[in-house]
Amino acid sequence: DNVISITSFLDGHYAKSSNRIILPPLVDLRENKWNESENVPITSFPGVTLIYAGNSANSKDRIDVVLEALIRVVNEGFRIRILLLGNCNQELLARYADCKTNILFLGKMPQKDVPSYYNVADFSILIRDNTRKSKAGFSTKLVESIASGIPPIINYTSDESRYLSENTCIKLEDGGIESIIEALKQVCEMPKESRCVMRKRVKEVAVRHFDYRAYVNQMRKFIENIR
């Protein structure tokens, strides 16, 4: 009778329930880690910096396709690199061992330090296959990026359209390598001023949709209606 869902896909699955609420992954934006930027041991780079913070060995995130696309773009002369935080896929680590300028495997680190690494980046990137599982779930990595004020490069598989628009993300047509290549070239050619505007707008999205305070009234009504 009473259902808290993380996505509209799940909410629809429980449509017969009389008391429902959709709550995406939420954060406390007043927590210090979202507002204080510690110095991180990353060298400056004369180009665009991407970030992926998660488990690169996890098959649901197609970091393998991202790295292949990135190297192809680099070989065409574009200046772009990616920071990879979290457990490393050993196969990818071996394959790209000679690409240390453009692919930085940084390993695991405390979650409280992750937003400081986001602050070094221009964009995050999250590519997933469009499956029933990805429709039902919602990426905590995406929320982490938005809370840090970093626009994502992403293919929509879940409820992204409820929260993001063309002004706050780089939306891919699909998760294929050609779409990723096109997006990477787009961000490399984007003026710095435009990137700064996107960051500001993404932070506004975080306040409206991913800070827990935005759902206090809805949650109060949900609790009052519990039977």
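Author: Contact means heavy atoms within 4.5 Å. This is a predicted model: local features need pLDDT of at least 70, side-chain atom pairs count only at pLDDT 80 or more, and totals for chains, interfaces and linings use all residues. Residues are numbered from 1 along each chain as its sequence is written; side-chain values use heavy atoms, with hydrogens and water left out.

Reader: What share of the contacts with a separation of 6 or more joins residues 24 or more positions apart?
Author: The C-alpha trace spans about 60 × 35 × 30 Å along its principal axes. Of the contacts in question, residues 24 or more positions apart account for 70%.

Reader: What percentage of the 227 residues is buried?
Author: Buried means under 20% relative accessible area (1.4 Å probe, protein chains only). By that cut-off, the buried share of the chain is 48%.

Reader: How far does helix H2 reach from its first C-alpha to its last?
Author: H2 covers residues 63–75, which makes 13 residues. At 1.5 Å a residue, the expected span is 18 Å. The helix reaches a value close to that, namely 18 Å.

Reader: Which strands and helices do the buried residues of H2 pack against?
Author: Among the buried residues of H2 are Ile63, Val66, Leu70 and Val74. Strands and helices both pack against the buried set. The strands are S3 (48–53), S4 (80–85), S5 (103–107) and S6 (123–126); the helices are H3 (90–95) and H8 (177–189).

Reader: Which residues does Ile177 contact, leaving aside neighbours within four places in sequence?
Author: Ile177 lies in helix H8. Its C-alpha is 9.9 Å from that of Asp64, 113 residues away along the chain. Its contacts are Val65, Glu68, Ala69 and Arg72.

Reader: Which residue follows H2 with a positive phi?
Author: Its phi is near 100°. The residue is Gly77.

Reader: How many of the 8 residues of helix H6 are buried?
Author: H6 runs over residues 140–147 and is mostly covered. Its cover includes S3, S6, strand S7 (152–155) and helices H4 (114–118), H7 (160–163) and H9 (192–210). The buried residues include Lys141 and Glu144, and their number is 7.

Reader: Which residues does Leu142 touch, not counting those up to four places away in sequence?
Author: Leu142 lies in H6. This residue is buried, with a relative accessible area of 4%. The residues touched are Leu126, Pro152, Ile154, Glu160 and Leu164.

Reader: Is Thr157 buried or exposed?
Author: Thr157 sits in the loop between S7 and H7. Beyond four places in sequence, the residue contacts Arg128, Asp129, Asn130, Ser134 and Lys135. With a relative accessible area of 7%, Thr157 is buried.

Reader: Which residues does Asn89 touch, not counting those up to four places away in sequence?
Author: Asn89 is in the loop between S4 and H3. Ser145 is 56 residues away in sequence and 21 Å away in space, C-alpha to C-alpha. Asn89 touches Ser56 and Ala57.

Notes:
Buried means under 20% relative accessible area, exposed over 50%, partly exposed in between (1.4 Å probe, protein chains only). Helices (H or I, at least four residues) and strands (E, at least two) are DSSP runs, numbered from the N terminus. The expected span of a helix is 1.5 Å times one less than its number of residues.
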